[in-house]
Amino acid sequence: MGVSFFFVLSGFVLTWSAKPNDTATGFWRRRLLKIFPNHIVMWALAMVLFAGAMTPLSAWLPNLFLIHSWFPQHATFISVNPPSWSLCSELLFYVLFPFLIGPVLRIKERALWGWAAAMVACMVAVQLVTDFLMPQHPPTPEGFGISLWEFWFGYNFPPVRMFEFVLGMILARLVLAGAFPRIRILPAAGLCVVGYGVALAVPFLYGLNVATIVPVALLICAVARADVEGAPTVLRGRTMQWLGEVSFGFYLAQYVVMYFGRTALMDEKLFAPLPGVLVLLGFFFATLLVGWLLLVCVERPVMRRWARPAPRRSAAAEPAREERQPAPALR
């Protein structure tokens with residue numbers, strides 16, 4: 001549910017902040033610098049700590065270049081640092097966004113709701129295709145009650161996640177146009193809880209994102225409207241903004257911290273409830289620390305150094321440079 005939320009949010013935020021004078025190459029440069037340095041650091045750390053001893057070249061190389069979710073082999077699309085699978089979808093979103101933003105901005109306001117409904121319908125269609133047309137064997141090693149092919153196509157395959165991203169783009173248009181109904185944040189959050197319960201009750205495939213997509217969309221738009229209207233929310237606080245900045249590093253670090261901690265440091269020891277809660281809190285703060293280190297030591301320095309193109313030589317400096325050149329010989 002969190003990943004689906006983030007895919008919708010990505011489309012929403014990129015559309016909301018899109019600038020008419022931005023170039024495709026400038027956009028791609030910023031997005032690649034945003035995701036690859038953190039990914040490469042956590043990829044290398046995972047390889048050194050545990051993954052290098054168990055991951056073949058055919059799996060870790062696609063993982064390094066964030067194309068591993070395009071392969072239906074379980075050892076490939078869930079490899080090295082498993083949460084990085086979602087970056088394969090994000091990379092596809094970023095590649096296509098400069099080509100999508102124009103058509104989305106040209107959608108007439110009265111047609112936006114129809115396009116939003118079409119994206120949700122396409123998400124349902126993906127799971128129907130997965131349910132009835134994908135091979136039923138072999139089963140997933142995690143024991144989800146579905147086949148490996150169903151899990152890969154219905155959840156990990158990047159093109160099928162495009163519908164959530166484009167839905168986010170359309171939702172941004174609706175809020176910008178003032179066409180989205182006024183919904184308060186708490187009721188929208190309550191609907192997300194209901195959606196979570198529905199996701200647990202329906203067949204596994206339909207609980208992956210279909211059961212929660214409407215509540216997720218409502219919550220994102222409710223928060224955006226509150227922000228536009230200047231309404232006081234808990235998200236305006238400095239702590240929440242800091243957590244938002246750290247969240248990408250936190251997401252990439254979670255598996256490495258927990259897997260290495262459970263296997264190497266704790267030898268998979270079991271705990272009673274109270275010590276177990278303390279262990280989970282320890283993992284949370286350790287992951288938060290690693291996420292913060294990625295932010296201040298990797299993400300921010302890289303973005304400051306390379307996110308913007310080098311300034312062009314000013315027009316005033318050009319004549320001076322030309323005057324210093326020897327005059328061409330007359331022929």
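Biologist: What should helix H11 span, and how far apart are its end C-alpha atoms?
Modeller: H11 covers residues 213–228, and its 16 residues should span 22 Å at 1.5 Å a residue. The end C-alpha atoms are 23 Å apart, which agrees. The expected span is 1.5 Å times one less than the number of residues. Helices here are DSSP runs (H or I, at least four residues), numbered from the N terminus.

Biologist: Where do these numbers come from?
Modeller: This is a predicted model, where local features need pLDDT of at least 70, side-chain atom pairs count only at pLDDT 80 or more, and totals for chains, interfaces and linings use all residues. Residues are numbered from 1 along each chain as its sequence is written, and side-chain values use heavy atoms, with hydrogens and water left out.

Biologist: Back to H11. How many of its residues are buried?
Modeller: 12 of its 16 residues are buried. Buried means under 20% relative accessible area, exposed means over 50%, and partly exposed is in between (1.4 Å probe, protein chains only). Among the buried ones are Ile213, Leu218, Cys221 and Arg225.

Biologist: What covers them?
Modeller: The cover includes helix H1 (2–16), helix H6 (112–133), helix H8 (162–176) and helix H9 (185–201).

Biologist: And Val214, buried or partly exposed?
Modeller: Val214 sits in H11. It counts as partly exposed, because its relative accessibility is 46%.

Biologist: What follows H11?
Modeller: Gly230 does, with a positive phi near 75°.

Biologist: New topic. Which residues make the nonpolar surface patch?
Modeller: Val234, Leu235, Met240, Trp242, Leu243, Leu289, Trp292 and Leu293 make it, over about 690 Å². Helix H12 (238–265) and helix H13 (273–306) each give two or more residues to the patch. Patch residues have over 30% relative accessible area and no salt bridge, and nonpolar side chains (Val, Leu, Ile, Met, Phe, Trp, Tyr) are joined within 5 Å. A salt bridge is a side-chain nitrogen of Lys or Arg within 4 Å of a carboxyl oxygen of Asp or Glu. Areas come from the Shrake-Rupley method with a 1.4 Å probe.

Biologist: How does Trp242 count?
Modeller: Trp242, in H12, counts as partly exposed at 32% relative accessibility.

Biologist: What about Cys297, buried or exposed?
Modeller: Cys297 is in H13. It is exposed, with a relative accessible area of 53%. Its C-alpha atom is 9.7 Å from that of Asn38, 259 residues apart along the chain.

Biologist: Where does pLDDT stay under 50?
Modeller: Over residues 315–331. The model has two contacts there beyond four places in sequence, a contact being heavy atoms within 4.5 Å. pLDDT is the predictor's confidence in each residue, from 0 to 100. Where it is low, the predicted coordinates should not be read in detail.

Conventions:
Patches are made of residues with over 30% relative accessible area and no salt bridge: like charges are joined within 9 Å, nonpolar side chains (Val, Leu, Ile, Met, Phe, Trp, Tyr) within 5 Å.
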